[in-house]
Amino acid sequence: MQEISTSAVTTAPSSGAPRDAFDRLTFLGWRGGLAAIIAGLALSFFAFGYAVIYWRNADMDFMVIYNALVMNDGKPQAFFDHTAYLTILTVKSWFRLLHALHLLDAYTLPAIPPAADAAGFDAAMSQAIRAGRVLALLIASGCVLIFAWLVRGIVRDWRVALLATLAFALSGGIAVHSRILRSELVAACPVLFALMLLIVIGRRASLARPAGVAVAAALCVLGLENKVQAILLIGTLPFLILPFGSAEGKSVAFWNNTASSWLAVAVAAIIAVAATWAASPLIAVGLDRGLLDAAQFHPLLLNRFGVYQTALALLIGGCMIAYAGIWRISAAETLASMFALIAAAFLALLLLDLDYNAANVIAVVNPLEKMLTFADADTSGAANGSNLLAVFLLLLDGLASVLARYSFVLHSSPRPTVFLTWLILPGIVYAWRCGEKQAAAQALMLMLAAIGIDALGVRRGLKSEYFIFTDPLIILAGAVLLDRLRGLRFHKWTYPIAMALFGLHVAVGQAEPVKYAFKRTGPESICEWNQYYMPLLPLPWCPAPPPRS
């Protein structure tokens, strides 16, 4: 029976068999398909995003815009919750560029009329918010194109790559982040691209592979600098990459412990030491107990800061050694890659000096402690206490909640990728029984990572903004399976199932943007936090703050 199944998967159909569903689904070709995807994003954006009243998505549109305005006015960054560091700097530079091109007047705080001039305030803020939304669309479109380029290097069939790109573009995460200014997209995508890059370079040996590892490390740090929640995705990468090697990925001749290879290792070590020295002042600030106490950070383990960071570094090194052993990577290349990783990570950390603020530094160096400052009472109590049973019960509750969401029936969600899980989970079993055990292991690891990260995200409600951290993992799992189970493209149900998934992605993924576009509630709820997050920007509909004594 297994031989029959394997044959069905790997052999071409007879002349009387159904048409290739992949050809029917990708009739526009690679470039035409990508152009259609980007055009669809733009159409959705201008229909249900650009013209929406400026205060509709105030959390976090207002916070990011406000910080860009005050920083363009020469004042320091005022928002550090996520930290949104790169997002704020990008919007700040974008506003300056648009102003230089005479396309934006409201690019600094003094350029915004006072709250007493309600009409002028509305016009200026509408202009600023819409400029920010255009930037969000451009960033989201760029992320989709980078995803397409990388996924084509992972799968063998460009048609599978195009379908995966379509699923990513229509996912709930992209639907949200392509029209509002939040920190998650610029945090999650660099880490996702780091994973995809590692998969690509791991499968094809090359002389410059340690440089690819360096790029991946820098991307991870960049993601962490924008939102500390990225540490959850970063923590899964050492495990995720293990099953993605190949026999063709073993070290090239240069790295086979030759004199030249060890010279390269020495050079990489020197660069790593120099980068560590350059970043050491930032690390010292990040671990400064006085600053951490003032920020109300509490050490997560052993009443000491820096414990789990050290453990993560050791875990990464251990998984790199394990990967080298599994896929026959030489000792010289492995050491060079380790030093390249260290150098790139610390050099990327130096980006915090671009617009230095100690609040950003301590958040990036202590991401879990930063996350716990926003956790609910149960999570904070379990994390800061010594009751392991309480931690286990919280994780179990989070897992049950995630599985209910993945069912969609027990807990509905504006997340179309849950329908992919209905096919991926049985697909893993099917691939294993068909002899595609490596593909099954790869998809299983990706799904376990997605479930684990979502189980932790449930403690913050697993909002649609957080889907961007795990949707790509689910989509990659499906792409890996679909690429290996090639005979499925001839099955009579493949095309109708694919079209049903396309319809669900459009309907479910666009539900939130459409809901916000037609929402009728007013902006009064913003008054609950505007004085804290925007102290220098009174709003026309909010009461004026009491005078300071």
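At what angle do the axes of helix 6 (residues 118–154) and helix 7 (residues 158–169) cross, and within what distance do they come? They cross at roughly 150 degrees and come within 9 Å. Before going further, please keep in mind that this is a predicted model, in which local features need pLDDT of at least 70, side-chain atom pairs count only at pLDDT 80 or more, and totals for chains, interfaces and linings use all residues. Residues are numbered from 1 along each chain as its sequence is written, and side-chain values use heavy atoms, with hydrogens and water left out.

Two packed helices are described by the angle between their axes and the distance between the axes. Here the axes are lines fitted to C-alpha atoms, for helices over the stretch in contact, and angles run from 0 to 180 degrees between N-to-C directions. The helices themselves are DSSP runs (H or I, at least four residues), numbered from the N terminus.

Helix 6 and helix 7 are therefore roughly antiparallel to each other, a term for angles over 145 degrees. Their crossing is right-handed, meaning that the near helix is turned clockwise from the far one by less than a right angle. On the helix 6 side, C143, V144, F147, A148, V151 and R152 meet W158, A161, A164, T165, F168 and A169 of helix 7, where contact means heavy atoms within 4.5 Å. The residues of this contact divide into 10 nonpolar, 1 polar and 1 charged. In this count Ala, Val, Leu, Ile, Met, Phe, Trp, Tyr, Cys and Pro are nonpolar, Asp, Glu, Lys and Arg are charged, and the others, Gly among them, are polar.

Helix 6 also packs with helix 5, at an angle of about 115 degrees and with the axes 10 Å apart. This crossing, too, is right-handed. T90, V91, W94, F95 and L98 of helix 5 meet A128, A131, G132, V134, L135, L138 and I139 of helix 6. That contact divides into 10 nonpolar, 2 polar and no charged residues.

**The core and a buried arginine**

The largest nonpolar core has 156 residues, and F62, F95 and F147 have the most contacts inside it. Such a core is a set of buried Ala, Val, Leu, Ile, Met, Phe, Trp, Tyr and Cys residues joined through side-chain atoms within 4.5 Å. Its largest share, 17 residues, comes from helix 6. Not counting residues up to four places away in sequence, F147 touches A164, T165, F168, L192, F193, M196, I475 and L476.

R209 lies in helix 10 (residues 209–226). With a relative accessible area of 6%, R209 is buried; buried means under 20%, exposed over 50% and partly exposed in between (1.4 Å probe, protein chains only). Leaving aside neighbours within four places in sequence, the contacts of R209 include R204, K250 and E333.

**Backbone features to look at**

Most residues other than glycine have a negative phi, and most peptide bonds are trans. The table gathers some exceptions.

| Site | Feature | Value |
|---|---|---|
| D59 and M60 | cis peptide bond | omega about 15 degrees |
| H82 and T83 | cis peptide bond | omega about 25 degrees |
| N257 | positive phi, not a glycine | phi about 55 degrees |
| L302 | positive phi, not a glycine | phi near 55 degrees |

M60 has its place in helix 4 (residues 58–72), while T83 lies in the loop between helix 4 and helix 5 (85–100). N257 is found in the loop between helix 11 (230–240) and helix 12 (259–286) and counts as partly exposed at 45% relative accessibility. L302 lies in the loop between helix 13 (289–294) and helix 14 (307–327) and is exposed, with a relative accessible area of 71%.

Note on methods. Helix = DSSP H or I, 4+ residues; strand = E, 2+ residues; numbered from the N terminus. Parallel < 35°, antiparallel > 145°, perpendicular 65-115°, else oblique.
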